[in-house]
Amino acid sequence: MRGHVARRGTAGLLASVVFLAACGPDSPSTTGVAPDAGLSLARAGYHQAGVHRQYGPPVQVGNGQARAYVVVDAKHHQAPLELGIALTPGVLDAAGLPTTQMSYAYLLPLPHFVPAPYQVIELDWNPMGHPPPGIYTFPHFDFHFYTISLAERNSIVPSNPDFAAEADNLPTGDFVPVPYMPLTGPGLQPHDVAVPQMGVHWFNPLSPEFNGQPFTQTFIYGSWNGRMTFFEPMITLAYLQTKPNTTTSIPVPLQYPEAGYFPTAYKVTYDAQAKEYRVALIDFQKR
């Protein structure tokens, strides 16, 4: 680390251990799925013919609903243009969101044309935020896009006898996006901070919130047993309520452990016509 990150030193990294625990479910809080509303195909706001937005069934979140969605190009073998989570305005009604736990997890059913290698999409609500203090201690959502199966995700628990070994087996070399580093602390190993049903979180020390700017949005990678296993935009409730329209490039690794479509950016938008907030991985490279 350098600059403002270095000055935070041990305290910042030790606080990040608590941050990791706060990211994961504190108790069985994963929601059930709303009744199947069917799949929706519609023009996606793109000009070219053959491009469609497809939604999975909705899940109730507070006073609104969340849905996973994908925008695909039918003329190019259903190649993805966006993979995201859409929120109705009611989700951002703070009065309707739960507040009795540190974190709430909502598994979202996948659209039919979700691309490889994505297997699980999850929205997490953190009503009190989490440490480091003054950085992530703000109400925010985590948007998880997993490249492992639900069964593998669910097996990431301390009762698994391989938990420590699999957590400590970190990706290396070209499989790690520069300058990302695992969120650990002095004297701590990855298994000390691994989050149940998630794994080891990786952060970018050059992100604005670690360099004197307020946290509004950031991008996290996650790993388990030697490979990166999820992509995670993390965005504050307050920032979403401003109805933003931003696109942010992300550092990417030179190699991936499996074939598929991998993002080089993510975007946070509000569609006034659809009355929908969207957070999506975009600008995919086929690898």
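Predicted model: local features only at pLDDT ≥ 70, side-chain atom pairs only at ≥ 80, totals over all residues.
User: Which other strand does β5 pair with, and in which sense?

Analyst: β5 also pairs with strand β15 (residues 276–286), in the antiparallel sense, over 6 bridges.

User: Is strand β5 mostly covered or mostly open?

Analyst: Mostly covered: of the 9 residues in strand β5 (residues 79–87), 8 are buried.

User: What is the strand order in the open sheet, and which strands sit at its edges?

Analyst: The open sheet has 7 strands in the order β6-β7-β8-β12-β11-β10-β9, and the pairing is antiparallel. At the edges are β6 (104–108) and β9 (181–182), each of which pairs on one side only. Inside that order, strand β11 (residues 217–224) and strand β12 (residues 227–236) pair in the antiparallel sense over 8 bridges. If you want a landmark, Gln217 stands opposite Ile235 in β12.

User: Let's move to charges. How many salt bridges does the structure hold?

Analyst: First the general idea: side chains of opposite charge can pair when their charged atoms come close. This structure holds 8 salt bridges. One of them joins the side chains of Glu276 and Arg67, at 3.1 Å from N to O. Glu276 lies in strand β15 and Arg67 in strand β4, so this pair ties together parts that are 209 residues apart in sequence.

User: Which salt bridges does Arg227 make?

Analyst: Let's take them in turn. The side chain of Arg227 meets that of Glu152 in a salt bridge of 3.5 Å, N to O. Arg227 lies in strand β12 and Glu152 in helix α2 (residues 150–154), so parts 75 residues apart in sequence are tied together by this pair. Both ends are partly exposed: Arg227 has a relative accessible area of 22%, and Glu152 has one of 26%.

Then there's the salt bridge between the side chains of Arg227 and Glu258, at 2.7 Å from N to O. This pair links distant parts of the chain, with Arg227 in strand β12 and Glu258 in the loop between β13 (246–249) and β14, 31 residues apart.

User: What about Lys267: where does it lie, and is it buried or exposed?

Analyst: Lys267 lies in strand β14 (residues 261–271). Lys267 counts as buried because its relative accessibility is 18%, and the cut-off for buried is under 20%. The side chain of Lys267 makes a polar contact with the side chain of Glu82, at 2.8 Å. Leaving aside neighbours within four places in sequence, Lys267 is in contact with several residues, including Tyr46, Thr246, Arg278 and Ile282.

User: Now the backbone. Which peptide bonds are cis?

Analyst: Pro117 is found in the loop between β6 and β7 (120–126). Another is the bond from Val178 to Pro179, also cis with omega near 10°. Pro179 has its place in the loop between α3 (163–168) and β9.

User: And which residues other than glycine have a positive phi?

Analyst: His77 is one of them, with phi near 60°. His77 belongs to the hairpin of β4 and β5, which has 5 residues between the strands. His77 is exposed, with a relative accessible area of 76%. Gln197 also has a positive phi, near 65°. Gln197 sits in the loop between α4 (190–193) and β10 (200–203), and is partly exposed, with a relative accessible area of 21%.

Notes: Residues numbered from 1 in each chain as written. Heavy atoms only, no water. Helix = DSSP H or I, 4+ residues; strand = E, 2+ residues; numbered from the N terminus. Buried < 20%, exposed > 50% of the residue type's maximum accessible area, 1.4 Å probe, protein only. Polar contact = N/O pair within 3.5 Å; in protein donor to acceptor, adjacent residues only side chain to side chain. Contact = heavy atoms within 4.5 Å. Pairing = 2+ DSSP bridges. Salt bridge = Lys/Arg side-chain N within 4 Å of Asp/Glu carboxyl O.
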